[in-house]
Amino acid sequence: MTKKNKEFVIKVLCANCGTILYKYKKEGAGFLVKCYVDGILKDYTRKDLKCPKCNQQFARLARYHNRPAHKIIHGKVIVKGHCGQ
Ligand SMILES: [Zn+2]
């Protein structure tokens, strides 16, 4: 019953043109700083960390707690869905 880490399904969109990039299962509330690769439910990109429509780079490859992740570049994405508010 006690669920410490709440999960939210959010949509990550390109801040430049509004194209959807990921459907992502976010762990916990708060600002989106990174996307764990294994939390990405649906990937709409060409897996090059760029918007498929306007080619803006929105993330960099990183690793957190030994899990591959995409570190979001600040201001390059818009998040829709549950985001902790
Ligand atoms: Zn775009």
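## The model and its overall make-up

The structure is a predicted model, in which local features need pLDDT of at least 70 and side-chain atom pairs count only at pLDDT 80 or more, while totals for chains, interfaces and linings use all residues. Residues are numbered from 1 along each chain as its sequence is written.

The protein chain has zero helices and seven strands, where helices (H or I, at least four residues) and strands (E, at least two) are DSSP runs numbered from the N terminus. Read from the N terminus on, the elements therefore follow the order β-β-β-β-β-β-β. Of the 85 residues in the protein chain, 19% are buried; a residue is called buried if 20 or more other C-beta atoms lie within 10 Å of its own, exposed if 12 or fewer, and partly exposed in between, with the C-beta atoms placed from the backbone. Two residues are in contact if their C-beta atoms, placed from the backbone, lie within 7 Å, and among contacts with a separation of 6 or more in the protein chain, 48% join residues 24 or more positions apart.

Strand 3 (residues 34–36) pairs with strand 6 over three bridges in the antiparallel sense, and Lys-34 stands opposite Lys-71 in strand 6. Strand 5 and strand 6 also run antiparallel and are joined by six bridges, with Ile-72 in strand 6 as the bridge partner of Ala-59.

## The turn between strands 5 and 6

Strand 5 and strand 6 form a hairpin with two residues between them. His-65 lies in the loop between strand 5 (59–64) and strand 6 (67–72), and has a positive phi of about 50 degrees although it is not a glycine. Asn-66, which lies in the loop between strand 5 and strand 6, has a positive phi of about 65 degrees and is not a glycine either.

Why does His-65 count as exposed? His-65 is exposed because it has 6 other C-beta atoms within 10 Å, and Asn-66 counts as exposed because it has 5 C-beta neighbours inside 10 Å.

## The nonpolar core

In soluble globular proteins, nonpolar side chains tend to be buried together. A nonpolar core is here a set of buried Ala, Val, Leu, Ile, Met, Phe, Trp, Tyr and Cys residues joined through C-beta atoms within 7 Å. The largest such core has 13 residues, and those with the most contacts inside it are Val-12, Leu-21, Cys-35, Phe-58 and Val-77. Strand 1 (7–14), strand 2 (20–27) and strand 6 are the elements that give two or more residues to this core. When neighbours within four places in sequence are left aside, the contacts of Leu-21 include Val-12, Tyr-44, Phe-58 and Val-77.

How values were computed:
Two strands pair if DSSP finds at least two bridges between them.
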